[in-house]
Amino acid sequence: MFDILVISPYSYALEQKVDDIKLRLFCQEQTNYKLHVIKALPDEVTEKLHGQNYDYAYIDDTYIDDEVAEIRSHITGESHKTIKFF
């Protein structure tokens, strides 16, 4: 199972990105994944991700470096390409 994190402080951005990801994965005939959609304000990132690990992440580009570093610490992939900003 491939765990994909989608995180943003904005509901609309999350909806749009999730639709985009689902369409892309459907077109690639990928079925072995699970989307984890998290709406988190900057001060909630640590609390909402506590104890979780993901294979890949889509991160809203409004997060500052400290929040991105916190999110990055929950990504199990070994490449910088495991994170995409939207």
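In this predicted model, S8 is in contact with A13, L14, I38, K39, A40, D60, Y63 and F86, leaving aside its neighbours within four places in sequence. The residue belongs to strand β1, which spans residues 2-8. S8 counts as buried because its relative accessibility is 0%, and the cut-off for burial is under 20%.

In soluble globular proteins, nonpolar side chains tend to be buried together.

| Residue | Residues in contact |
|---|---|
| L5 | H36, I38, L49, Y54, Y56, A57, Y58 and I71 |
| S8 | A13, L14, I38, K39, A40, D60, Y63 and F86 |

Helix α3 has buried residues E67, V68 and I71. Seen down the helix axis, the buried residues of α3 fall within an arc of 100°, so they line one face of the helix. An α-helix has 3.6 residues a turn, so residues three or four places apart point the same way. D65 and D66, on the other side of α3, are exposed. The cover over the buried residues of α3 includes β1, α2, β3 and β4 (83-85). One of those buried residues, I71, is also in contact with L5.

How values were computed: Residues are numbered from 1 along each chain as its sequence is written. This is a predicted model: local features need pLDDT of at least 70, side-chain atom pairs count only at pLDDT 80 or more; totals for chains, interfaces and linings use all residues. Side-chain values use heavy atoms; hydrogens and water are left out. Helices (H or I, at least four residues) and strands (E, at least two) are DSSP runs, numbered from the N terminus. Buried means under 20% relative accessible area, exposed over 50%, partly exposed in between (1.4 Å probe, protein chains only). Contact means heavy atoms within 4.5 Å. The arc is that of the directions from the helix axis to the C-beta atoms.
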